[in-house]
Amino acid sequence: MSTTEQRVAIVTGAARGIGAATAVRLAAEGRAVAVLDLDEAACADTVEKITKAGGRAIAVGADVSDSEQVAAAVAKVVEELGAPTILVNNAGVLRDNLLFKMSDSDWDTVVNVHLRGAFVMARACQKHMVDAGFGRIVNLSSSSALGNRGQANYSAVKAGLQGFTKTLAIELGKFGVTANAVAPGFIATDMTAATAARVGMGFEDFKAAAATQIPVQRVGEVEDVANAIAFFTGDAAGFVSGQVMYVAGGPLN
Ligand code: NAP
């Protein structure tokens, strides 16, 4: 690939939240962006934001946990935008419950979307990255990887994604492909609004309470995460791989 050719990025779960902000940000960095989500029609707003700003984007409908849908989605991206060399595994769901109330389905759904989804997407895209001698994979982990009440399923997959990321970094480094994880703390999105509803709090009160526990004294915005992802997916970040960056307004360990 010539250095002037536009790189193609796939952002999963990009109809809203962190994924939508990331798609918009990567387009602003000059990437052509496949805005992938469960429902293709739901991607229209993100695509419109990008194209109105002069960028290139398409909507792609797929369930990331389904390898056949993922294969079809990646083929569509290759056909309509070009070979994807940037992948952001962002699609996610919550099925929070205390362990004694957590169902098999709560566990399996979360494992399938986050872990199987990231695996299937990365496997489908790696060939294009290896062929190009360039690739950037970013997986969305979470501060919950360190443990969080009511999230045995979610904390397990977010910790699992850190191990997955480090292994991809080791396997794919010699092909010019980096893999990193971004682990957000509390970010204001529909996902955290749903958590507020689950614990019976208004979202504004929930955010205000969370902010008092965060060193910078505010909750995160989607752009805070998009900024970190823009760094990891940049051409200049080729010597940074296998890292986990907490984007949480303070230190976590
Ligand atoms: P969000 O607002 O709930 O958006 C998630 C998106 O993923 C939705 O558009 C959803 O589609 C899509 N999605 C769900 N299952 C999918 C599947 N099987 N295939 C394709 N797309 C699917 O979430 P968010 O808050 O932006 O979070 C984005 C990522 O950051 C997630 O991985 C999350 O775990 C992680 N994270 C978030 C926070 C936070 O505080 N918000 C903190 C740490 C980590 P539907 O609308 O159709 O369900």
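**Reading helices, cores and rings in a predicted model**

Modeller: Phe231 is partly exposed, with a relative accessible area of 41%. Keep in mind that this is a predicted model.

Colleague: How do I read the two rings as a pair?

Modeller: A pair of aromatic rings is described by the distance of the centres and the angle of the planes. For Phe231 and Phe232, the centres are 5.5 Å apart and the planes lie at 50 degrees, so this pair is tilted.

Colleague: How many aromatic pairs does a search of the whole structure find?

Modeller: The search turns up 2. Phe186 and Phe206 also form a tilted pair, with 5.5 Å from centre to centre and 55 degrees between the planes. That pair links distant parts of the chain, 20 residues apart: Phe186 is in the loop between strand 6 and helix 6 (190–198), and Phe206 is in helix 7 (residues 203–212). Phe186 counts as buried at 18% relative accessibility, and so does Phe206 at 16%.

Colleague: What about charges on rings? Which ring does the charged end of Arg7 sit over?

Modeller: That of Phe134, with the charged end 3.4 Å from the ring centre. Lys207 has its charged end over the ring of Phe203, 4.7 Å from the centre.

Colleague: Let's move to helices. How do I find the inner side of one?

Modeller: An α-helix has 3.6 residues a turn, so residues three or four places apart point the same way. Now try helix 2 (residues 44–52), where Thr46, Val47 and Ile50 are buried. Those residues cover an arc of only 100 degrees around the axis, which puts them on the same side of helix 2.

Colleague: Which exposed residues does the face turned away from that buried side carry?

Modeller: Asp45, Lys49 and Lys52. As for the buried residues of helix 2, what covers them includes helix 1 (17–28), strand 2 (32–37) and strand 3 (57–61). After helix 2 comes Gly54, with a positive phi near 95 degrees.

Colleague: Now the core. Which residues have the most contacts inside the largest nonpolar core?

Modeller: Ile10, Leu36, Leu87, Met121 and Ile137, in a core of 36 residues. Elements giving two or more residues to this core include strand 1 (8–12), helix 3 (67–80), helix 5 (152–172) and strand 6 (177–184). Helix 4 (104–132) is on that list as well, and helix 4 gives the most, with 8 residues.

Colleague: Leaving out residues up to four places away in sequence, what does Met121 touch?

Modeller: Ile10, Thr12, Leu36, Val64, Val70, Val74, Leu87 and Asn89. There's also a second, separate core of 31 residues, with Ile18, Val182, Val225 and Val247 among them.

Colleague: And how should I treat a record's annotation? Where does UniProt place "domain: Ketoreductase"?

Modeller: The record, an unreviewed entry, puts that feature at residues 7–185.

Key: Residues are numbered from 1 along each chain as its sequence is written. This is a predicted model: local features need pLDDT of at least 70, side-chain atom pairs count only at pLDDT 80 or more; totals for chains, interfaces and linings use all residues. Side-chain values use heavy atoms; hydrogens and water are left out. Buried means under 20% relative accessible area, exposed over 50%, partly exposed in between (1.4 Å probe, protein chains only). Helices (H or I, at least four residues) and strands (E, at least two) are DSSP runs, numbered from the N terminus. The arc is that of the directions from the helix axis to the C-beta atoms. Contact means heavy atoms within 4.5 Å. A nonpolar core is a set of buried Ala, Val, Leu, Ile, Met, Phe, Trp, Tyr and Cys residues joined through side-chain atoms within 4.5 Å. Rings of Phe, Tyr and Trp (its six-membered ring) pair if their centres lie within 6.5 Å; planes under 30 degrees apart count as stacked, over 60 as edge-to-face and the rest as tilted. A charge sits over a ring if NZ of Lys or CZ of Arg is within 6 Å of the ring centre and within 35 degrees of the ring normal. UniProt positions are given in the numbering used here, feature names are shortened, and annotations may be inferred rather than shown by experiment.
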